[in-house]
Each structure stands twice: as C-alpha cells, then as structure tokens.
Amino acid sequence: MTEAETSRPDPVTPVLTKRWLSPNSWRLSTYEQLEGYTALRKALSGTPEQLVALVKESGLRGRGGAGFPAGVKWSFMPPNEDKPHYLVINADEGEPGTCKDIPLMMADPHSLIEGCIIAAYAMRSHHCFIYVRGEVPHCIRRLNAAVREAEAAGYLGTNILDSGFDLKITVHAGAGAYICGEETALLDSLEGRRGQPRLKPPFPAAAGLYAAPTTVNNVETIASVPFIVNGGSDWFRKMGSERSPGPKIFSISGHVERPGQYEAPLGTTLRELLELAGGMKDGIPLKFWTPGGSSTPLFTAEHLDVPLDFEGAAEAGSMLGTTAVMVFNETVSVPWAVMKWTEFYEHESCGKCTPCREGTYWLAGILQRMVDGRGTESDIETLLDICDNVLGRSFCALGDGAVSPITSGIKYFRDEFLALCDKNKAAPATPALAGAH
Amino acid sequence: MTEFNQPPNEPLTTGKSYGGSNIGAGETHVEAGPDVDVVAASAISAEETERLVTETTPDLSVFGPDVVAKAAEQMARYPESRSALLPMLHLVQSVEGYVSQAGIQFCAEQLGLSNAEVSAVATFYTMYKRKPCGEHLVSVCTNTLCAVLGGDAIYQRLQQHLGEGGQPLKHEDTSGTPGEPGSITLEHAECLAACDLGPVLQVNYEYYDNQTPESAVELVDALRRGEKPAPTRGAPLTSLRDVELQLAGFFPEDEATYRSHVDGPSAAVETLRGAQLAADRGWTAPTMPEKAPELPEVEKK
Ligand code: FES
C-alpha cells in the first residue's frame, strides 16, 4: 500500500472519462451499473459541514480556469438559510480551445447531476441551475433527459432518498456570449439581463443570483465530487501534485497526430501529452501552444517540460486555465494567430468598461494592419502600450485574457512581428502626421 | 497620443461603430425641429431611418394561446420570472425564425418589461437573429484553431458557393428565401468547443466534425435539395426553428422521437481517445479503497 502511494500514477488516469467508453453511457441504467449515485447515498448520510471539509481536504481546485479551491469557495456560503441558497453550474464552455465540459455532459451527464446534488446538499441549496451555452442543444437534451431520469428515480425532487433534502435542477440555455463564462456576468444573464460582469465585492456567496447566497462552479469541478466522496481525499491526492491534486481532462487540439480528450494527472507535461497524442502531425515541429485556452499566455518548444498544474504553468509565465492545449506547428504565423484571437476578444468584449471595449478594438485594428503588411515598428510598442492599459485595468478577466496572446506572442516572437514591418522600414520616412507632437 | 496616429496609407478609423462609440464617424445627429426632414438628415441609410422613425404596432397574432402557455411554463421554472427572458427569446425565435419587433413585444408583455429592456437583451446575444433566417443555420467556426486547420477556407468557400451573381454571401445573410425549405443562413462562429474535432461547423447547432471545403459544399447542397444529412454528433437534423424550441426547453412529446433525439451520437473517436488508449494499455487511475472512507470529522457548531 505504501508502495502504491509513492509510485507514480499511470500516464492516463480515466476517472471522469472512464464511463465514456460504455455504450449508452448517458443513461441512468448505465450510470447505476457503474457505481452511479452511490456517492450520493454516502454524502446524504453525512452533514453538509463534513462534505465541505472533505472537498477542502481533497484539494480540489476549480476546473473552469481560475483554480480557486472548491471547498474554500463552498465554505463561504452562510451557514443559515435566511435567504434561499443557489448553486449555479457554469457550463458556458467557450474559451477558445476548450472542449472538455461539452463532451463530459454529453457522455456522462449523471456524474454532473450527482455532483450537483451533493454540492447543493453541502451548501444548503434547494435550487440548482445548469447554465449551458446555447450552441450545444445535444448537451441540453442529454442533461434534460438525465434530470428527468433522476427525478423519476427519486434522486431529485422532494425528500431525496428519504433524507429530507429537496432539490430542483433547472437546465438553462444561454444565447451566445463568451462573457457569460465570467461568473457574475453569468448570473446577470441568468436573471434575464445582458451578460455583463458585476463589481465584486459583494461576492456571489454574499449576494449572487437574485442577491441571494450563490456558488458558481465549473462542470468538471462538480463532476469530480462524487469520485472524491467515494474514493476519499487520499485517493484523489494520489494523482497530481500537493497543491494541484487530482486528474484533469487535457483537451489536445491542433497539429498533433491524435487530437482528443486525455485525462491525466495534473502536472503532466506537454512532452508527455504529445507522446499520448502520437506526436506532432506529419512530424512538422512545434512552434507555439497554449496550456489552457487563448487567454493563457503562449508557450513555445522551450516549455515542453513545464509541469501542467496551477503552480507549474504560472511559474513558467502562463496559466493553467482550462487545460485546453492548442498545438501549432511551424507553418503558423504568430501575428496572424494573435490577430485572430484578438478579433475574438473584440467581438466578445461586453462593452461595459472602457479599457477592454476600446482596447480590444484598437488592438484588433492594429494587428489587422500589421498582418496586412502595413504595420510599422512603432506598432509593436503601441500594442504593448495598449495592453498595459487593458491588463489589470479592465472590469473583469476578459481584458486580461485578451492581452495574453499579444504580450506573450511579442515576447517570444518579436522578430515575426518586426518582419511584417520590413516593407515600411524600406519606405521613405513617413510624412509628419497631423496631430503628432 | 502620437502612437495612435494612423499611417498615411490606411485610416484605421473608418467610421466603424463599435461598442457604443462612433470612431471617426463624424456628426451623428442633427437637431430635429418639426420641419426637419429626419430621413434626409440621417447619418444612417434612409431605409433604416425610415424603420426607426415609423411608429409601428406589431401584429402579435402569430403568438397564439399555445405560445402564451409555453411562456407561462417557462416563467414557472424560475424563482423570478425575468430569468425566463433568454428561453423566451428562443421561444419566439422558434415561432418566427428570428426575433422580430413583435417577438420583443410579446416577451415584454409576458414579463411586464418594456420593449427597450427586452431589446437590450435580444441585441446582446449572438444567437438571437434580427433578420428572418433560413430553414437551416450553418455556423462555421473560424476561431484560430479551426481557422488554421481549414475553417477560414471552409467559410470562404461556402460564402462563394452560396452567394449569387459572383457576390459572396455575407455573414448572417441567407441563400434562398428565408423560411422556405432549403434556405440557408450562413455565419462565421467563435470557438464551438469542439477544437479536437476541428475544423467544425454546425447546422442548427448540431455538430459536423472534421470538415473540408468539399464536404461542407456537399453538405449545403444536400440541405438545399431538402435532404437532412445526419450530424456527426447530435440529434437527427431538423430545422433551426425546431432546435430553437428545444433551447426554449420544449422537447418532442412523442416518446420515440424524444429518445431518438437524446440518443443521437456523441462519442467521436477523438472524444474517447484518452479513455481508449488507457483501456488498450491497461492504464487506470489509482484504485479506490474497497470501502468508501468515512467522511471527515468536523466540530459540531
Ligand atoms: S476553435 Fe473551432 S471549435 Fe474551438
């Protein structure tokens, strides 16, 4: 036993993804055959405080990008029930490159539902909302079917499994807005408004949905909970690292031989992931990649051995984000890729705050001009200057994410941006511009 | 702010309006006394101005008692009725194929909101279309990852293919008569959360994975002929309106149809790759203890 504890886990550790291989994995009958809803029984035999303590001990960190310890987040919910408590699941997966929650909800919706019931019980919530992005009706069907099945089987509704605990789950379709992945924008959207972020504090645990105590958690986070209840925190900690424990679904896309979903312990490196994914496509060398979506600063071949956990990615100058590993080979122009992402942020900026709204507009315009071959060297400084005015000065994290590809792209590939300006360098000195002092 | 000055050859500011600010658009309003011809004085097109200044009383008769009943059902799902607004906009879109002025007013009346409040929401979200759409909505992912793998080429090819008289079809424009069988609205979309299967496109939000320009052309041709090729992942193809009804939270009542929708395929090879690799190699997560460990002790408060 001690030996097993110290030994390294296998390269792929299917926990969340294990049931996906079973035929009709989305049905209740399949789920029940594969230990489904056993964790719920156990959870309901304990107290909410015990469950919060368990999740804290497990070290489970939010899988939506920020990595906040889930148990700590849960513990912010008030112990009394003066107002209704709400649990809201963020299933608005839209961060470019990220494609883990959608397959999870399609393949194994009951693991999310079971996680919701346990989490709601732990936070004394009797109404849970699953906010799914609207562009995935197939997920919404599967979730609705799972809720129906769970209701019919007595896992949802009043007096669940004779515990006296009541819970209703409402599946809610969004309507196409990346910003709704930001938890307070999501709450505004769920209240039937434009999805624009709110000022924090108050944090949702104090005043969230309908100004009542609310916790917003990512799909993968909540789907991990039943496994933690069944396996215990020591088991969970056998995977990953001290501060980033557990397995994680790495979504590998782009120029690799076998893109797909690979669930591996946190701390796995890109070198190891590439091996699992069959290496670079057609052997064309790696140029750049993102550890966790387009909002996480780019990495290069220098970073093949960075442990992909929350600390490792941050120490190397990026972020773990959603572990959406987008891999690009030598044929891809960095300024072009950066321009495309910037156009995305420009489109998705909600318009609430000036640095992000105006900043993304100018950044996209300048990048388009550069990629068109009409840039000047000073454009690079202008880009960095604008980034400086957006980063940390925007209302929410969208602005911070928007500058990540630009600043990291210029940091590692400045020459490529400069090369776009060659034409301008050769041109006669530009005439003095009106308004230039 | 010299660094914001534009190079002489290309003004960055072309009067494009963005996020509420009109950069370089010049004068955007004229004070209108009773004798001012607002249409002639308008900075925007005469057609659009005409629409904005003409008072209309939309005809709500398309929203019959069944739609009213559905709206009531939606409101009952939430502790506060306004939460039903997004689903309700999906509902009106399922009736008309887009969110019309009548649709806005319908939602406003049901929820006790003003038209302006509903409009503000409807215009914020990409999925609510402000013009009548085709029977099918084709959305091509052109975010960076898909674009690199061919998404941009697919989109351009479809624009050409669906365009008329050598004019490429524009974003959110429709080939054919909106609402008629075989009509197609085309759009470019942001990341559709299927990057491992890129380049992807969706028809009525059902996934068609690993596309090429050729396969995409074949697909839209089939749609124009009235065929409904099965998606790679999703329910059997229906129409944009049918899917909008599901997004509104209403699923087929007939059990067999409902089951066939829910059971539509989802497990792509890519989705299962990690789990399959582990199964093939005999890799597993560490085994859980035989008996689930006790929950931690906590002090009683
Ligand atoms: S980039 Fe196309 S689905 Fe993600």
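**Helix packing, domains and chain contacts**

Modeller: The crossing of H14(A) and H16(A) is left-handed, a label used if the near helix is turned anticlockwise from the far one by less than a right angle, with right-handed used if clockwise. This is a predicted model, in which local features need pLDDT of at least 70 and side-chain atom pairs count only at pLDDT 80 or more, while totals for chains, interfaces and linings use all residues. Residues are numbered from 1 along each chain as its sequence is written, with chains lettered from A and ligands numbered from 1 in the order in which they are written.

Colleague: At what angle do H14 and H16 of chain A pack?

Modeller: H14 (residues 354-371) and H16 (residues 397-419) of chain A pack at about 25°, and their axes are 10 Å apart, so H14(A) is roughly parallel to H16(A). Angles under 35 degrees count as roughly parallel, over 145 as roughly antiparallel, 65 to 115 as roughly perpendicular and the rest as oblique. The axes are lines fitted to C-alpha atoms, for helices over the stretch in contact, and angles run from 0 to 180 degrees between N-to-C directions. Helices (H or I, at least four residues) and strands (E, at least two) are DSSP runs, numbered from the N terminus.

Colleague: Which residues make that contact?

Modeller: Among them are Gly359(A) and Leu363(A) from H14(A), and Ala402(A) and Ile406(A) from H16(A); residues are in contact if their C-beta atoms, placed from the backbone, lie within 7 Å.

Colleague: Switching topic, what are the domains of chain A?

Modeller: The assignment gives domain 1 (2-236), domain 2 (247-329) and domain 3 (334-424), with bounds that come from an automatic or database domain assignment. The centres of domain 2 and domain 3 of chain A, taken over C-alpha atoms, are separated by 23 Å, and eight residues of domain 2 are in contact with 10 residues of domain 3.

Colleague: And how many residues of chain B are in contact with chain A?

Modeller: 79 residues of chain B are in contact with 103 residues of chain A, and on the chain B side H11(B) gives the most, with 10 residues.

Colleague: Where are the cis peptide bonds around Pro201(A)?

Modeller: The bond from Lys200(A) to Pro201(A) is cis, with omega near -5°, and the bond from Pro201(A) to Pro202(A) is also cis, with omega near 5°. Pro201(A) sits in the loop between helix H9 (183-190) and strand E4 (214-218) of chain A.

Terms used. Contact = placed C-beta atoms within 7 Å.
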